[in-house]
Amino acid sequence: SGTAVIHEDVLGLEHFRQNPPQDLGPAIASYGRSAITSEYVIASSSNYLSGSSQLIIKSRSGRESFQTEVPVVGDIFCDNFAAALVLISRLFDKPISQLVKPIAAAKLWPVPGRLQFVHVRESVWRPKAYVDYAHTPDALAKAIKSLSYNPKSVTTIFGCGGERDQLKRPMMGQVASELSKSVTITSDNPR
């Protein structure tokens, strides 16, 4: 039998709860930001200057609560980090609070190209730069929204070169122009 960790804030999960895969058994753990049925409630606050977030996870029962800094920004990445913690907790039968020190000691880094913070030398202007390999309109929208702590505060530069996916270019340009302060489109694979 396996373990499933489900994000309660995602639509359509009630069907999964009522009809779990046969090989899953009773091992379902849930988390979410707003769902009242979640086993774990999460909250996060991103620091766009450092490229990290404070992640808070509390059990609905009130028996567990912990806070840690994680090397990602944006709710979607903090949610994924929380999912990993809940899964590790279940697989090794350890309270999430016991995972804090090992996580801090591991000096974890996000996957390259997934809202990856780029360190820019100190200056008065101090720009914040992130790289994301979003390659669909939906992925680009989620990346921009993850960085938009103020509406229309993000300058977006994205590439749409080569002969591939020509139909996506106008859609990605529209998404970027609707969600960004300014947009620059480049050739991503000059030949």
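**Reading Folds and Contacts**

Q: By relative accessibility, does Asp93 count as buried or exposed?
A: At 69% relative accessibility, Asp93 counts as exposed; the term requires over 50% relative accessible area, buried means under 20%, and partly exposed lies in between (1.4 Å probe, protein chains only). The model is predicted: local features need pLDDT of at least 70, side-chain atom pairs count only at pLDDT 80 or more, and totals for chains, interfaces and linings use all residues. Residues are numbered from 1 along each chain as its sequence is written, and side-chain values use heavy atoms, without hydrogens and water.

Q: What is the strand order of the open sheet?
A: Two strands pair if DSSP finds at least two bridges between them. The five strands here follow the order β1-β2-β3-β4-β5, with mixed pairing. β1 (4–7) and β5 (65–70) are the edge strands, each pairing on one side only. Strand β1 runs parallel to β2 (residues 28–32), and four bridges join them; His7 stands opposite Tyr31 in β2.

Q: How is the packing of α4 and α5 described?
A: Two packed helices are described by the angle between their axes and the distance between the axes. Axes are lines fitted to C-alpha atoms, for helices over the stretch in contact, and angles run from 0 to 180 degrees between N-to-C directions. Helix α4 (residues 137–147) packs with helix α5 (residues 168–179) at about 20 degrees, the axes being 9 Å apart. The two helices are therefore roughly parallel to each other, a term for angles under 35 degrees. Among the residues that meet are Leu140 and Ile144 in α4 and Met172 and Val175 in α5, contact meaning heavy atoms within 4.5 Å.

Q: How many residues of α4 are buried?
A: Eight of the 11 residues are buried, so α4 is largely enclosed by the rest of the structure. They include Pro137, Ala141 and Leu147. The buried residues of α4 pack against α2, β7 (129–131), β8 (155–159) and α5.

Key:
Angles under 35 degrees count as roughly parallel, over 145 as roughly antiparallel, 65 to 115 as roughly perpendicular and the rest as oblique.
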